[in-house]
Amino acid sequence: MIAPPPAKGDAGSAVYVAPAWKMTWWRFRRHKLALVCLWVVGFITLIALMPEFFATQDPFATSARRAYIPPQTLQLTHEGRLTWPFVYGVEGQRDPRTLRMEWVADQETRYPLQLFVRGFPYRLFGLIPTDRHLLGFADTPPGATPNLLGTDRLGRDQWSRLMYGTRISLSIGLVAVAISTVLGILLGGISGYYGGLTDNLIQRLIELLQALPPIPIWLALSAALPRTWPVTWVYFAITVILALLGWTRLAREVRGRFLSLREEDFVVAARLVGASQGRIIFSHMVPSFTSHIIAAVTLAIPLMILNETFLSFLGLGLRPPAISWGVLLQEAQNLQSVVNAPWLLIPGLFVIVTVLTLNILGDGLRDAADPYSS
Amino acid sequence: MHWFILKRLLIIPFLLLIFSVISFVLIQAPPGDFLTSYIAELAQGGTTIDQAQIDALRRQYGLDRPIYMQYLLWVGNLLQGDLGVSLEWRRANVELIGERLVLTLALTTASLIFTWAVAIPIGILSATRQYSALDYVFTVLNYIGLATPNFLLALVLMWIAFDRFGMTVTGLFSPEYAQAPWSWGRFVNLLQHLWLPMIVLGVAGTAQIARVVRANLLDELGKPYSEMARAKGLPEWKLVLKYPTRVAIAPVISTLGWYVPQLLSGGLVVSVVMSLPTIGPLLLRALIGQDMYLAGTIILIFCVLTVIGTLISDILLALLDPRIRMEGN
């Protein structure tokens, strides 16, 4: 993904022969913050690709006796000295008055953090059977495995659930945006290239869809999904529902580009020398706005992620046993559960960081794709 | 000008017709109807209902007729101002929706005013002090504002208020005013509760609009007329506020078209979290319970509000910008 930087000496002459994407990359690289965000997004994508590797426990394993354990944060110092990261064990005591379980850190037991530990078995990328995990605590008595981010109502490990949720939330964003990109480019392209009645019809359709209030429509559509559907079907249905209203913005963008490019000298020249329509579109027009499309797509992904979170949070999107950030946040749906277990809001932090970095990355790409920006 | 408004007005009935079809299709889409989910609910509670009663209910609600007849009946009644009856609540929809709609509009308007009151000064400050520390702070805040789902912000603020100050900031009224008829005291009580949902709802939009104002103002500040005014010796703040700002905030008006639907949609989620007595939680309940006429009517109301928002923004824009006004002639 990251191209080697051009040699300092021939940078001047390289500019004249560089293809458009390379010049975009050069401009992008100057935006330091966006570059940092590219790394963060890359890391989140890595988690989404292999959440099992980053998880410390089986995210579906419940344990009624270990519900609502607060996060066992990594400790870096012991008795005033810097040490290898470890966590304290916890001990549950029932409050004799409220009968609530109170978890207190047990300073005596320390579990050092270990890397590349053996844990629950899984298949990497769905293919390679293995039981190695990036982080873990190997020498813990059974039933006392530390929970880095605490546990939920059913005693499930929140850290591991968060890793699994990353896969679903990120991929739903990507798939929904992919569907709307295809629709947007197809309909926007047709609209911009042919003009006339077709253009008019498609533009009216877009205006109509944009005049609909999105969340009520999404809610109604999701409520229409049969409750009996298996998780994977619901997953695809939700992506389609999100994409259904999401393609209009991209279509507008593509149409605008087509309209302005149609009259450009190089397109007219290509038409005059007898290039076929397909050739004009795909080898002359499309390359000159690909970078804009990439920027627009990058900015559309965070919106989709937020929308999935909304839907699942309201209980109309993905449903357990599926794990997504929205499903995780549903555990913290009211004040009472937040007061009881504030750490259930941590998945929200992941949503914010992901959306934030994708937005900055998209803005950086958009600025870089504009050849007239200073 | 009149032609322009007339043209916009003429599209509205057509749009509403399409929206009514979409709403109806949406509420018809779930498998089964209200009675099947009602029977299931009764069965869960251990009661059964005999077939004759079911048939009678089905006839009473018009659920035995073909779908197009159901649609025509619904739309026909709507046109006569009859919003229908909620199947679940066994009350007229007008009663259920009435006050909630007023509160929804109050919340939306308050958020809109909050957004403009905060976003425009921030935009002006960041543009006139481009690349200053202040500009960077606002940029960072804007990005965070855009990235935070509003229900999360609501939860965090509610939690802080409870944890630090021992306040429960849910709802729009104190208990003694919740069911009371409208009075001055109730109105004041509403204002005391409205500010938090108003801020929660307005934050994302504030971030977006501040960015728009900043970008527009930066474009305007470099134009020859600004240079000219500066050369004539006009004080900088007077110059900025008098000329470029007026041009720069015009596009903000056009954002009304998408901002109002966004506020209405966002308000729905915030209302569920903060248990506000607005229309949102009612819609959610109706959708889950397949209370089809109530859900359909609410969705249609959302569509109508969106259309009105767009219309107002079109008219305001035409008033502001002669180029748009002339388009109709």
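Buried residues account for 37% of the 374 residues in chain A of this predicted model. The secondary structure of this chain comes to 13 helices and five strands. Along its principal axes, the C-alpha trace of chain A spans about 85 × 60 × 40 Å. For contacts in chain A between residues at least 6 apart in sequence, 67% link residues that are at least 24 apart.

Confidence in chain A can be described for the chain and then by element. The mean pLDDT of chain A is 81, with 94% of its residues reaching 70 or more. Within this chain, helix H3 (residues 32-49) of chain A has the highest confidence, at a mean of 89, whereas helix H1 (residues 11-17) of chain A has the lowest, at 64. Where pLDDT is low, the predicted coordinates should not be read in detail.

Chain A is divided into two parts, with domain 1 covering 67-152 and domain 2 covering 162-369. The centres of these two domains of chain A, taken over C-alpha atoms, are separated by 38 Å. Where the domains meet, six residues of domain 1 of chain A are in contact with seven residues of domain 2 of chain A. The side of domain 1 of chain A that touches domain 2 of chain A consists of four nonpolar residues, one polar residue and one charged residue.

The pairing of the strands E1 and E2 can be followed residue by residue. Strand E2 of chain A takes in residues 81-94 and is joined to E1(A) by three bridges, the two strands running antiparallel. A:Gln75 has A:Phe86 in E2(A) as its bridge partner, while A:His78 stands opposite A:Arg81 in E2(A). E1(A) and E2(A) together form a hairpin, with two residues between the strands. In the turn of this hairpin, A:Glu79 has a positive phi of about 50 degrees.

The C-alpha trace of chain B spans about 90 × 60 × 40 Å along its principal axes. In chain B, 74% of the contacts between residues at least 6 apart in sequence join residues at least 24 apart.

For chain B the mean pLDDT is 82, and 97% of the residues reach 70 or more.

The domain division of chain B gives domain 1 (2-79) and domain 2 (105-277). Taken over C-alpha atoms, the centres of domain 1 of chain B and domain 2 of chain B are separated by 37 Å. H3(B) is followed by B:Gly62, which has a positive phi, near 75 degrees.

The two chains are in contact in the model, and the predictor gives the complex an ipTM of 0.80 and a pTM of 0.82. The contact takes 32 residues from chain A and 39 residues from chain B. On the side of chain B that touches chain A, helix H1 (2-28), helix H6 (133-147), helix H7 (150-165), helix H13 (250-274), helix H14 (279-288) and helix H15 (292-320) of chain B each supply at least two residues. H7(B) gives the most to this side of chain B, with eight residues. By class, the residues of chain B on the side that touches chain A divide into 33 nonpolar, five polar and one charged.

Conventions: Residues are numbered from 1 along each chain as its sequence is written. Chains are lettered from A and ligands numbered from 1 in the order in which they are written. This is a predicted model: local features need pLDDT of at least 70, side-chain atom pairs count only at pLDDT 80 or more; totals for chains, interfaces and linings use all residues. Two strands pair if DSSP finds at least two bridges between them. Helices (H or I, at least four residues) and strands (E, at least two) are DSSP runs, numbered from the N terminus. Two residues are in contact if their C-beta atoms, placed from the backbone, lie within 7 Å. Ala, Val, Leu, Ile, Met, Phe, Trp, Tyr, Cys and Pro count as nonpolar, Asp, Glu, Lys and Arg as charged, and the others, Gly among them, as polar. pLDDT is the predictor's confidence in each residue, from 0 to 100. A residue is buried if 20 or more other C-beta atoms lie within 10 Å of its own, exposed if 12 or fewer, and partly exposed in between; C-beta atoms are placed from the backbone. Domain bounds come from an automatic or database domain assignment.
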